[in-house]
Amino acid sequence: MKGFRIILLLLLGGILTASAQTKIFIDTEVATQTISRHIYGHFSEHLGRCIYDGLWVGKNSTIPNINGFRQEAVAALLEIGIPNLRWPGGCFADIYHWQDGIGDPKKRPPILNYHWGNVTEDNSFGTHEFLELCELLKCEPYLAANVGTGTPRDLKDWVQYVNAKGTSPMTQLRARNGRTAPWAVKYWGIGNEVWGCGGNMDAEYYARLYNHYATFCRDYDDTRCVRIACGPYGSDTTWTATLLKHINPGLLQGLSMHYYTVARGDWNKKGSATNFGEEEWFEQLSATLKMEEAIDQNSRVMDRFDPEKKIALIVDEWGDWYDVEPGTEGGFLYQQNSLRDALVAAINFNIFNNRCDRVKMANIAQTVNVLQSVALTRGSELVRTPTFYAFKLFRPHSDATLLPSRIEAELYTFNGKSIPAVTVSASRNKEGVIHISLTNADPKTSQEIVCELKGFSPEYVEGKMITAEAINAFNDFGKAEAVNIQSFDGERIFGNKILLTLPAKSVLMLEAH
Ligand code: AHR
């Protein structure tokens, strides 16, 4: 036994001094912040085949459906337990008039969706359908209100229509449309990208407009509204500072931020979702790490105005944005999804988790068939993407307590440029189980990890992982899945240390008991 211990110590010493290793320190004794489950939220816009065809096939469709909602999509989203869903846009929100989407579907006026492919939609999916979908998915609705072409009255009426209990023209209208009880919608976005498609406003003008509109987004009965202002794109802290200076703090519970992962930030050369080599892999993962900087810079500004962190930072649009798949409509933003996207999702989850004192919600763009989706559909078929599996793998962090972590990571270098190879976040759930999520961006080199847990010596550890043979492996219709969750048993425990070899191009979730 003594000899065995000496061998273990030598082994441990050897690993601790090996050069290609990443050291991680997790403090299990300091735990104050909760990782809101809303960080794992979603965004579905009237865009391409996200709502129509993706989520909503209509009650008379031959595609199996529950009251018009694609059955397989509902099952997939329930499997990952989406906590919230943002709707109806996006840019679409600021041309959408909610009153056109209620009442008898045959009598609803159509809408020209000129932002996305110039298609005419029949408005068969409206407020009732969206809120019924949220009930089916057991998730919180997040409504994005129209500031660009709407009025304060539209907003006042919409809030009253979905949230009020008493007798009013709006609650009576709701009842005539088949729903007596209010839905109690908490999350309200007041305008979307108002610095662009939402009205090309400047920050000061919008801040004043926000005060005006948000006044009419009032609380009814027990429903306390979380009013969310349209925040910056990425690191535009001037926008953030101007809003925080001019918005009445009593009307502001959340500030949104958008940041898309576009290689080199070059929107004209986004590249293919699946046809790429190591250069594009590196550039995409480098671009996604910029999320860290965007959150940190905006958080610093928010800390100045709101040191108690009462205002949430809500990353309500994020994800990979590539060229559309060849042969598909340019305005529909349909893209495939590969192992690279699972890495991007996981890196972002780690970034959000570690900043959960300020980041209280995030919404990936967009749930089905648009941008970095968790599901793709073709006819009646549905494919779960690698991003779907990243969501599934990270589920244990939802509503768990963040454990602060520090990392000394090896670099992943390509063509003379470097990024940290490994990212991490850790949490403890109500049962005391610790979860540690790791990503290895390096597509060729595995990483020797020494993970030290201050104040905890696990008895056993289990692992689950996402990886694949090829960096561009993806799940395709009619084929066996190339990317999903596999078990991982390469870890060893030495007292309060976990040692493991993190495979190249992988995402790993460890569960320590
Ligand atoms: O998600 C696609 C679009 O990206 C949204 O409509 C808009 O808000 C953003 O520019």
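Me: Where does Q336 lie?
Reply: Helices (H or I, at least four residues) and strands (E, at least two) are DSSP runs numbered from the N terminus. On that numbering, Q336 is in the loop between strand 12 and helix 9. Keep in mind that this is a predicted model, where local features need pLDDT of at least 70 and side-chain atom pairs count only at pLDDT 80 or more, while totals for chains, interfaces and linings use all residues. Residues are numbered from 1 along each chain as its sequence is written, and side-chain values use heavy atoms, with hydrogens and water left out.

Me: Is Q336 buried or exposed?
Reply: Buried means under 20% relative accessible area, exposed over 50%, and partly exposed in between (1.4 Å probe, protein chains only). Q336 has 6%, so it counts as buried.

Me: Which residues does Q336 touch?
Reply: Contact means heavy atoms within 4.5 Å. Leaving out residues up to four places away in sequence, the neighbours of Q336 include A273, E325, L376 and F474. N475 is also among them, and its backbone oxygen sits 3.1 Å from a polar atom of the Q336 side chain. For a polar contact you want a pair of N or O atoms within 3.5 Å; within protein, one must be able to donate a hydrogen and the other to accept it, and residues adjacent in sequence count only if both atoms are side-chain atoms.

Me: What does the barrel look like in strand order?
Reply: Strands of a sheet pair through backbone hydrogen bonds, either parallel or antiparallel. Two strands count as paired if DSSP finds at least two bridges between them. Here, eight strands make a closed barrel, 2-5-8-9-10-11-12-13, with parallel pairing. From one strand to the next, the twist averages 25°; axes are lines fitted to C-alpha atoms, for helices over the stretch in contact, and angles run from 0 to 180 degrees between N-to-C directions.

Me: How many bridges join strand 2 to strand 13?
Reply: Three, between residues 41-43 and residues 359-365. G41, for one, stands opposite N363.

Me: And which strands does helix 9 touch?
Reply: Helix 9 (residues 339-354) packs on the sheet against strands 11, 12 and 13, and its direction makes about 170° with that of strand 12.

Me: What about an antiparallel case: how do strand 14 and strand 15 pair?
Reply: They pair over four bridges in the antiparallel sense, with T377 partnered by L382. The two strands form a hairpin with two residues between them, and G379 in the turn has a positive phi of about 55°.
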